[in-house]
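Trainee: Could we go through this structure together? I would like to start with the charged pairs and then move on to other topics.

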Amino acid sequence: MSNLSSLKGNKLRRNVQKTMNFLDGMKKISPADRNLSEGISRFQNIVLGYFYFETQEEVDKSGRSDKAFLGLEEMAEKSAISGVIMPEGMELDKYGDFLQAKGLVPNIPYIANAAEHFAFFSNNADNDAVVRWVTLVKIINGNLMPSLSLKMAAEAMNRDIVVIFRERDIESIMLVDREDDSNSIEIPIDPHGMGRMVLNHRGPGESSFHHFSLSDAYHNTFTDKEKKMLKGSVLLLGGTAIGINDQRPNPFDAMIDGVEHHAAAIDNIMGQEFIKRPQDIWQLELGIILLIGLFFSPIMIWSRAAYSGILALLFLVGYYYFDKFYWFDKGVWVYIGMPFIEIITLFVGVTLYKYVVEEREKRKVQGAFAHYLSPEVIDEVLESDSLNLGGVRKECTVFFSDVRSFTTISESLSPEQLSQFMNEYFTPMTSIILKSKGCLDKYIGDAIMAFWGAPIPLENQADIAAKSSVEMLFALDKVQADFKAKNFPHVDIGIGLNTGQMSVGNMGSDERMAYTVMGDQVNLGARLEGLTKEYGIKIMISEHTVAAMKRKEDHLFRDLDDIRVKGKNEPTRVFELMRPDILPQESMIRELIGEFELGRDAYRAQNWVEAEKRMFNCIKIFPKDGPANVYLKRVAVSKKNPYIENWDGVHTYTHK
């Protein structure tokens with residue numbers, strides 16, 4: 001019984017020991033690891049991935065300082081890039097930190113020993129966390145190691161990796177056919193020689209890489225279609241399940257799985273669908289920047305902001321689509337940001353500069369015209385594109401007015417009283433000119449010179465000038481009443497108007513200029529004002545002003561005379577512009593004008609008797625009618641010469 005118990009105890013101890021040994025083995029190699037190792041050994045065309053540390057600080061924080069290069073010698077022996085070409089005397093460990101990795105974390109030795117190919121899957125995103133590049137090679141502990149995408153593409157295409165170095169960086173990376181070394185694929189890398197390739201991601205709307213379920217692979221439940229797809233394919237094993245947190249955005253998708261970036265890189269290399277940046281492309285970019293500056297600068301300086309903005313927008317849109325369909329679709333990488341920034345900066349800068357300059361010019365113009373134009377007209381001038389401060393030829397209506405017997409008035413007043421007298425007279429007259437959009441040219445002693453039609457054009461300038469002149473006569477009534485109350489001398493005026501082509505603009509010297517009108521038609525206007533005293537009327541206008549009127553029916557005027565003024569050979573027909581209240585009744589005014597015109601007709605026909613009769617009728621209607629008295633005097637003289645050969649009825653004045 002005791003022997004049996006002893007036997008059972010030994011058997012139990014052996015079973016316990018066997019179980020303990022099995023558990024110890026399980027701790028070292030799990031069944032899953034064993035199956036994975038066996039699968040890798042069976043297929044052999046599998047590339048195992050690992051990741052590296054960029055800095056020594058990362059190595060220290062990982063706690064793997066003593067194991068950072070665990071298994072590296074075996075990995076380097078199997079997968080280090082042997083096709084390395086570098087300048088004489090250079091070694092891999094002499095290249096800068098941007099090509100060096102400080103440490104790596106490989107697979108466990110049991111799994112790693114079963115594989116024949118190794119590659120790193122580490123990759124860095126840009127500062128905005130978007131993955132645009134893939135690092136193809138890295139120097140790790142003196143060995144040049146390939147990336148997962150580069151290694152898998154090379155093995156899938158049966159090619160060797162060849163890396164050519166310059167003195168400080170990488171010049172090029174190529175895949176050379178193992179059977180024909182003349183057949184090679186050059187992979188375009190970044191211009192800084194860091195051994196990176198820009199990813200030509202599949203854009204939105206394009207078919208993504210096909211995803212196979214690991215569960216289907218384990219249970220072998222692929223569909224027939226998937227089995228066909230698997231044949232000859234390059235497969236990547238990566239986590240895509242929600243919660244794994246391996247989502248690394250690309251320029252098209254912010255929620256794309258990290259493994260897709262490796263797939264994109266392999267797809268680019270095998271399909272040779274690269275995004276290239278030629279070494280000399282910077283010359284073209286510089287030329288475009290210079291051309292933009294040379295072409296758009298004068299346009300934006302001399303054209304309006306709206307036109308410049310439209311042109312800039314058209315360029316931006318056009319350049320974008322040119323890059324998209326001509327360069328980008330051909331895989332050529334061009335910096336289009338600089339031209340965009342340049343033209344936007346140019347537009348904003350020129351527009352702001354023009355705004356500042358134009359505001360300064362507006363203030364200058366406002367100061368220059370403040371004494372000549374009303375604020376409302378100045379605003380129109382500033383908004384008008386037709387403003388030209390140089391001499392230009394324009395049709396204007398010029399105005400001259402003069403105070404009668406000013407010498408006598410000035411002698412009867414003290415200097416202070418004379419100043420008050422003229423200011424109180426000028427104020428209402430000037431106000432009428434400015435309110436009617438006229439331009440006050442100057443005060444010439446007791447005279448006022450003004451004009452309509454510049455600096456802004458007025459279609460009905462003759463009507464406006466005539467209406468304003470009549471308004472001055474009504475304003476004069478109030479001035480006369482005020483002067484009488486102040487015991488100032490009686491004031492009366494004469495006005496001359498003429499319309500025609502004149503030179504208008506800034507006239508004068510370099511030190512002092514004035515905005516004024518000049519020309520023969522201006523002189524005629526001044527002559528007409530002087531002749532108002534000869535006829536005993538208030539306002540004399542020329543035939544040119546009458547012809548320019550758009551609404552003659554709004555004015556009351558009569559054909560006054562045909563005259564030839566001093567300095568002019570050609571005769572001019574002149575008219576009297578009359579106040580509507582010159583007689584108590586409108587019918588009396590019409591009768592006066594009718595009798596006067598009949599008398600003018602008889603005068604031109606040298607029918608002195610009939611002319612005298614009609615003019616006497618005018619005196620009966622309006623005893624103070626100055627023009628009728630003028631013609632009665634002429635008729636009295638003409639009766640002594642009953643008939644004059646080739647007489648044109650023109651009266652010539654030899655004085656101003």
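**Salt bridges, cores and surface**

Mentor: The side chains of D559 and R600 meet in a salt bridge, 3.1 Å from N to O. A salt bridge here is a side-chain nitrogen of Lys or Arg within 4 Å of a carboxyl oxygen of Asp or Glu. This is a predicted model, in which local features need pLDDT of at least 70, side-chain atom pairs count only at pLDDT 80 or more, and totals for chains, interfaces and linings use all residues. Residues are numbered from 1 along each chain as its sequence is written, and side-chain values use heavy atoms, with hydrogens and water left out.

Trainee: Which parts does the pair D559 and R600 tie together?

Mentor: D559 lies in strand β19 (residues 557-564) and R600 in helix α19 (residues 586-604), so the pair ties together parts that are 41 residues apart in sequence. Helices (H or I, at least four residues) and strands (E, at least two) are DSSP runs, numbered from the N terminus.

Trainee: Are D559 and R600 buried or exposed?

Mentor: Both D559 and R600 are buried. Buried means under 20% relative accessible area, exposed means over 50%, and partly exposed lies in between (1.4 Å probe, protein chains only).

Trainee: Which residues do salt bridges that share partners join into one network?

Mentor: The network consists of D559, D561, D562, R573, R600, D601, R604 and R634.

Trainee: And how many salt bridges are found in the whole structure?

Mentor: The search finds 31. One of them joins D126 and R132, at 2.9 Å from N to O. D126 counts as partly exposed, at 25% relative accessibility, and R132 also counts as partly exposed, at 28%.

Trainee: Let us change topic. Where is T572, and what does T572 touch?

Mentor: T572 lies in strand β20. T572 counts as buried because its relative accessibility is 4%. Not counting residues up to four places away in sequence, T572 touches L524, S542, E543, D561, D562 and I563; contact means heavy atoms within 4.5 Å. Two of these, D561 and D562, belong to the salt-bridge network.

Trainee: What about the largest nonpolar core: which residues touch the most other members?

Mentor: Of its 42 residues, F399, F421, Y425, I433, I448, I495 and I541 touch the most other members. The elements that each supply at least two residues include β13 (392-403), α15 (415-435), β15 (447-452) and β20 (572-577). Helix α16 gives the most, with 11 residues. A nonpolar core is a set of buried Ala, Val, Leu, Ile, Met, Phe, Trp, Tyr and Cys residues joined through side-chain atoms within 4.5 Å.

Trainee: Which residues is I433 in contact with?

Mentor: Leaving aside neighbours within four places in sequence, I433 is in contact with F399, G438, C439, L440, I448, A450, W452 and M472. A second, separate core of 34 residues includes V134, F165, M197 and I266.

Trainee: Staying with β13, is C396 buried or exposed?

Mentor: C396, in strand β13, is buried, with a relative accessible area of 0%. C396 and G453 are 57 residues apart in sequence and 4.7 Å apart in space, C-alpha to C-alpha.

Trainee: Where is the cis peptide bond?

Mentor: The cis peptide bond joins A454 and P455, with omega about 5 degrees. P455 sits in the loop between β15 and α16. Most residues other than glycine have a negative phi, and most peptide bonds are trans.

Trainee: Which residue other than glycine has a phi near 55 degrees?

Mentor: That residue is N158, in the loop between α6 (148-156) and β9 (159-165). N487 likewise has a positive phi, of about 60 degrees, and is found in the loop between α16 and β16. N487 counts as exposed, at 71% relative accessibility.

Trainee: Lastly, what makes the nonpolar surface patch of about 520 Å²?

Mentor: L313, V317, Y320, Y321 and F325 make the patch. Patches are made of residues with over 30% relative accessible area and no salt bridge: like charges are joined within 9 Å, nonpolar side chains (Val, Leu, Ile, Met, Phe, Trp, Tyr) within 5 Å. Accessible areas come from the Shrake-Rupley method with a 1.4 Å probe; for residues, only the protein chains shown count as cover. Y320 is in helix α11 (residues 305-327) and counts as partly exposed, at 40% relative accessibility. The buried residues of α11 are S308, A312, F315, L316, Y319, D323 and W327.
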